[in-house]
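Trainee: I'm new to this structure and would like a close look at one part of it. Could you walk me through the charged pairs and whatever surrounds them?

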Amino acid sequence: MSAPGPSPAGRAAAEYRIEDLAHASGATVRTIRAYQDRGLLPTPERRGRANVYRDTHLARLRQIADLLDRGYTLASIKELLEAWDTGRGLGGVLGLVAEVHGPWTDERADRITRAELNVKFGGRPDDEAVAEAVELGVLEPIPGRDDEFLVPSPQELAVAVELHAAGVPLSAISSHLRELRGQVEQIASRFLEFTTEHVFARYLGHRPPTDADAAEAASMVRRLRPLAQQTVDAELARAMRTFATRHLEHHLAAEGPFTALSAPPSPVSVALPAETIGAVERLVGRENAAAFIAAATEREVHTRRLDALAPCHGNTPTVDQ
């Protein structure tokens, strides 16, 4: 890298060979050439047999890397950058991107050591369970700290601690989380399709959207952000009042003690309010509504059963929240 004469701003204008540019940006030489071929990078200055790159190329590579990290495809990035180059600007679009990628919960991440983790789960090390938690994203390794983890959701970890203290095996907790995550992802996907069709389509009709439309869409994201969770909470509570009570009454009235091997109850027809069914169908789709309500009911009954049994065990350990 060399610095010829001073720039108009009184500062030396940096120049890069392609190898220097790759080192400064973190991209490979092959990637830089591929971006040039696709029109994502401005044409470098030809000086003799060498190409000369400048700070504008380095800034563009960093913009591309940032947009890739946010989930954009190279084709979408090219459209955004072309709009920027023609003077339309990216301020509103990047503001919308930042809003969507911002936190979707007030919960703050925490840290936990391996020793603290062992204590919370009975005092015995379990490498397999830790590896499973890392795979699920419940724990995240901290570079350079083999004995410490980042906990993105302390609340989720606390639930696992409570279930384990109540007697649920760690393998069952992991399986339950995988199942629950799949159902929640269906709800999130359906909610995004629903709001995009009826709300965001009018802001995102241009590719890329204008700064004004992108800013308005970002404001709408802030307003609609909590609605999916609020709707699910309300409808799940409504369904629990109907299904959980009937399910629990069946087991309380059954002869003999309840066990996990008890025969399942005979199906009971329950009339749900039309608005409840409609709300669930809009969230998960009509074909998934019955399975979602049934699975949610089973989980609630299981939780209530554990709550009812917990006082019977005087030696149940206290769990730090």
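Which side chain meets Arg-54 in a salt bridge?

Mentor: Happy to. Keep in mind that this is a predicted model. The partner you want is Glu-45: its side chain and that of Arg-54 meet in a salt bridge, at 2.8 Å from N to O. Both ends of this pair are partly exposed, Arg-54 with a relative accessible area of 28% and Glu-45 with 34%.

Now step over to Arg-47, whose side chain meets that of Glu-15 in another salt bridge, at 3.0 Å from N to O. Arg-47 belongs to strand E2 (residues 45-47) and Glu-15 to strand E1 (residues 15-16), so this pair ties together parts that are 32 residues apart in sequence.

If you're wondering about the general idea, side chains of opposite charge can pair when their charged atoms come close. Searching the whole structure turns up 13 salt bridges.

One more of them deserves a visit, and it takes us elsewhere in the chain. The side chains of Arg-111 and Glu-148 meet in a salt bridge at 3.9 Å, N to O. This pair also links distant parts of the chain, with Arg-111 in strand E4 (residues 110-113) and Glu-148 in strand E6 (residues 145-151), 37 residues apart. Arg-111 counts as partly exposed at 47% relative accessibility, while Glu-148 is buried, with a relative accessible area of 11%. Coming back to where we started, salt bridges that share partners join Glu-15, Glu-45, Arg-47 and Arg-54 into one network.

In general, strands of a sheet pair through backbone hydrogen bonds, either parallel or antiparallel. Here, E4 and E6 pair in the antiparallel sense over 4 bridges. You can trace that pairing by residue: Asp-110 has Val-151 in E6 as its bridge partner, and Arg-111 stands opposite Leu-150 in E6.

Helix H1 (residues 18-25) has buried residues Ile-18, Asp-20, Leu-21 and Ala-22. What covers the buried residues of H1 includes E1, helix H2 (29-37), strand E3 (50-54) and H3. After H1 comes Gly-26, with a positive phi near 90°.

H3 brings us to the last stop, His-57, which lies in that helix (residues 55-69). At 5% relative accessibility, His-57 counts as buried. A polar atom of the His-57 side chain lies 3.1 Å from the backbone oxygen of Pro-42. Leaving aside residues up to four places away in sequence, His-57 touches Leu-21, Leu-41, Pro-42, Thr-43 and Pro-44. Leu-21 in that list is one of the buried residues of H1.

To put these parts in their setting, the chain has 13 helices and 6 strands. Of its 321 residues, 31% count as buried. Among contacts between residues at least 6 apart in sequence, 62% join residues at least 24 apart. The chain exposes about 20500 Å², of which carbon and sulfur atoms supply 54%.

Methods
Residues are numbered from 1 along each chain as its sequence is written. This is a predicted model: local features need pLDDT of at least 70, side-chain atom pairs count only at pLDDT 80 or more; totals for chains, interfaces and linings use all residues. Side-chain values use heavy atoms; hydrogens and water are left out. Helices (H or I, at least four residues) and strands (E, at least two) are DSSP runs, numbered from the N terminus. Buried means under 20% relative accessible area, exposed over 50%, partly exposed in between (1.4 Å probe, protein chains only). A polar contact is a pair of N or O atoms within 3.5 Å; within protein, one must be able to donate a hydrogen and the other to accept it, and residues adjacent in sequence count only if both atoms are side-chain atoms. Contact means heavy atoms within 4.5 Å. Accessible areas come from the Shrake-Rupley method with a 1.4 Å probe; for residues, only the protein chains shown count as cover. A salt bridge is a side-chain nitrogen of Lys or Arg within 4 Å of a carboxyl oxygen of Asp or Glu. Two strands pair if DSSP finds at least two bridges between them.
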